Amino acid sequence: MSKHGDAQGGASKAIRSEKVVAEELPAPDYPRYRVGPGNRTSLAAIDPDETEHYRKKKDVVKELEKQRRRIQDLQERLYAENEQGLLIVLQAMDTGGKDGTIKHVFGGVNPQGCRVSSFKTPSAEEANHDFLWRYHKSAPAKGRIGIFNRSHYEDVLVVRVKNLIPEEVWRERYELINDFERGLTANGITVLKFFLHISKDEQKKRLQSRLDNPDKRWKFSSNDIKERAFWEAYQQAFEDALGNCSTEHAPWYVVPANKKWYRNLVVARTIADTLEAMDPRYPPAEEGLEKVKIPD
Ligand code: AMP
Ligand code: MG
């Protein structure tokens, strides 16, 4: 049954407003960055420099603006409808561009319907709970978009690479994560996950530029250099996480992210397409409002 089926009472009377984007969706087809359920992912086989036929940032400025407007419009509908939510998970190697993606893709979205949750090393209280506790608390409500800047995936990534917990514990988490995400989708929360894929060279450039630019130095942590030494182990951990946890209901996308402008375009377009497929609608207005005049 579709979510606008009769089972939802008044929803079947919802006003079918005109499509957000009237014309055909533009090529290219970003589902090609989607990891198929059960597929082994080889990150080395995915070119982080990919930009299709685009050459420079200015080639995508208009297109990115169009996708941002689609997101803004669809988010207003999602909020008004208050029946479904969207969880966006962002993961990457250090300097991979999670913060920049949030800034550039969501810059124009109404803050009332959107919340960013950033996850750091768990606090003592968080560490005393089951690993999903802090993420579940931050999951979006109906009508909302939730953005996870790092996520429950850290609990199969950093904990594995840094040997923080035994293998039998983190290995079981793939299934626990799939069940958690399945539970969200069963309750009307669509789950969309992006791995921002940069090369090791690009990370070197970005870390160096954080050091060289006084306004960016605050972003640099000496720990970043230590983490960089584990590059290969992280890539392996990401491949396993993507392979085990890209499902029909909660897909992973590997986004070529060496070029920030291309990364923003792919993420924005994928979010807009996903929101459009969710088809949020303004709720029906009270009957007869067109005749109402506000009295003096
Ligand atoms: P940043 O995003 O640069 O502020 O760094 C956040 C740090 O928190 C990173 O080093 C992550 O590896 C770490 N972190 C995030 N989630 C977890 C977790 N579940 N367990 C251990 N460390 C984590
Ligand atoms: Mg950092």
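Buried residues are those with under 20% relative accessible area, exposed residues those with over 50%, and partly exposed residues those in between, using a 1.4 Å probe and protein chains only. By this scale D279 is buried, with a relative accessible area of 17%. The structure is a predicted model, in which local features need pLDDT of at least 70 and side-chain atom pairs count only at pLDDT 80 or more, while totals for chains, interfaces and linings use all residues. Residues are numbered from 1 along each chain as its sequence is written, chains are lettered from A and ligands numbered from 1 in the order in which they are written, and side-chain values use heavy atoms, with hydrogens and water left out.

D279 sits in the segment after helix 10, where helices (H or I, at least four residues) and strands (E, at least two) are DSSP runs numbered from the N terminus. Its phi is positive, at about 55°, although D279 is not a glycine. E52, in the segment before helix 1, also has a positive phi, near 55°, and is likewise a residue other than glycine. With 16% relative accessibility, E52 counts as buried. As background, most residues other than glycine have a negative phi.

We can turn next to helix 2. This helix spans residues 98-106, and K98, T101, I102, V105 and F106 are buried in it. Viewed down the axis of helix 2, these buried residues fall within an arc of 100°, so they line one face of the helix; the arc is that of the directions from the helix axis to the C-beta atoms.

Around ligand 1 are F119, K120, T121, P122, R134, Y135, R150, E154, D155 and V158, a residue being near when one of its heavy atoms lies within 4 Å. By class, this shell has 4 nonpolar, 1 polar and 5 charged residues; Ala, Val, Leu, Ile, Met, Phe, Trp, Tyr, Cys and Pro count as nonpolar, Asp, Glu, Lys and Arg as charged, and the others, Gly among them, as polar. An oxygen atom of ligand 1 lies 3.2 Å from a backbone N or O atom of T121. In the side chain of R134, an N or O atom is 3.2 Å from a nitrogen atom of ligand 1, and a polar side-chain atom of D155 lies 3.3 Å from a nitrogen atom of the ligand. Of the 500 Å² of accessible area that ligand 1 has on its own, the protein covers 76%, with areas taken from the Shrake-Rupley method.

A few further residues complete the picture. D73, in helix 1, is partly exposed at 26% relative accessibility. The side chains of D73 and R77 are joined by a polar contact of 3.2 Å, that is, a pair of N or O atoms within 3.5 Å, one able to donate a hydrogen and the other to accept it. S123 lies in the loop between strand 2 and helix 3 (124-127) and is partly exposed, with a relative accessible area of 34%. P111, in the loop between helix 2 and strand 2, is exposed at 66%.

Technical notes: Accessible areas come from the Shrake-Rupley method with a 1.4 Å probe; for residues, only the protein chains shown count as cover.
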